[in-house]
Amino acid sequence: MLNYELMFLMRPESSDDQVDEHVSRYTELIQQAGGKVTHVSRWGKRRLAYPIERLHDALYTIMDFDSDGSPCREIERLMRLDNDVIRFLTLRLDEEKRYEKKQRRKFEKSLPSPPSKSSETVDKPIPAAGSD
């Protein structure tokens, strides 16, 4: 089995249900071909570096999967035909990159979650420079 990373960008007006539908469709194709999805990361709405089809934002999703490569062609064909997907890229990862990515995920999970602001905390104003 080879390791792949699939990133696709969807139109910003797409709903979360539509993104979930695409992820499940691609996951099903990968599993039918004997592959296994190892990780799905939804980055949400991000600003594009340059306009694509007059759009300035897109919904980013990354899927990592193990496969023999057979579902890649079919997934890319479906993405080309889908009007909601504005860009996609499939990469085959080598073992070294896969190890680095696994270690990065482990590190990110070990980080403490940022503290949430409760209604009891009050932000104190910052004093102006030169005022004593």
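Q: Which class does aspartate 20 belong to: buried, partly exposed or exposed?
A: Welcome! This is a predicted model, where local features need pLDDT of at least 70, side-chain atom pairs count only at pLDDT 80 or more, and totals for chains, interfaces and linings use all residues. Buried means under 20% relative accessible area, exposed means over 50%, and partly exposed lies in between, with a 1.4 Å probe and protein chains only. Because its relative accessibility is 35%, aspartate 20 counts as partly exposed.

Q: Which residue forms a salt bridge with aspartate 20?
A: Side chains of opposite charge can pair when their charged atoms come close. A salt bridge here is a side-chain nitrogen of Lys or Arg within 4 Å of a carboxyl oxygen of Asp or Glu. For aspartate 20, the closest N and O atoms are 3.1 Å apart, and the partner is arginine 42.

Q: How many residues apart in sequence are the parts tied together by arginine 42 and aspartate 20?
A: Helices (H or I, at least four residues) and strands (E, at least two) are DSSP runs, numbered from the N terminus. Arginine 42 belongs to strand E2 and aspartate 20 to helix H1, so their pairing ties together parts whose separation in sequence is 22 residues.

Q: Which helix holds both glutamate 74 and arginine 77?
A: Glutamate 74 and arginine 77 form a salt bridge, with the closest N and O atoms 2.9 Å apart. Glutamate 74 is partly exposed at 28%, and arginine 77 is partly exposed at 39%. The two are three residues apart, about one turn of the helix, and both lie in residues 70–81, helix H2.

Q: How many salt bridges does the rule give?
A: The pair of arginine 42 and aspartate 20 is one of them, and the pair of glutamate 74 and arginine 77 is another. By this rule, the count comes to seven.

Q: What is the order of the elements in the protein chain?
A: The chain has three helices and four strands. Reading from the N terminus, the order is β-α-β-β-α-β-α.

Q: How far apart in space are glycine 34 and aspartate 66, C-alpha to C-alpha?
A: Glycine 34 sits in the loop between helix H1 (16–32) and strand E2 (36–52). Glycine 34 is partly exposed, at 43% relative accessible area. In sequence, glycine 34 and aspartate 66 are 32 residues apart, while their distance in space is 8.9 Å.

Q: What share of contacts with a separation of 6 or more comes from residues 24 or more positions apart?
A: Contact means heavy atoms within 4.5 Å. Among the contacts in the protein chain with a separation of 6 or more, residues 24 or more positions apart account for 73%.

Q: What percentage of the residues in the protein chain count as buried?
A: The protein chain has 132 residues. Of these, the buried share is 30%.

How values were computed. Residues numbered from 1 in each chain as written. Heavy atoms only, no water.
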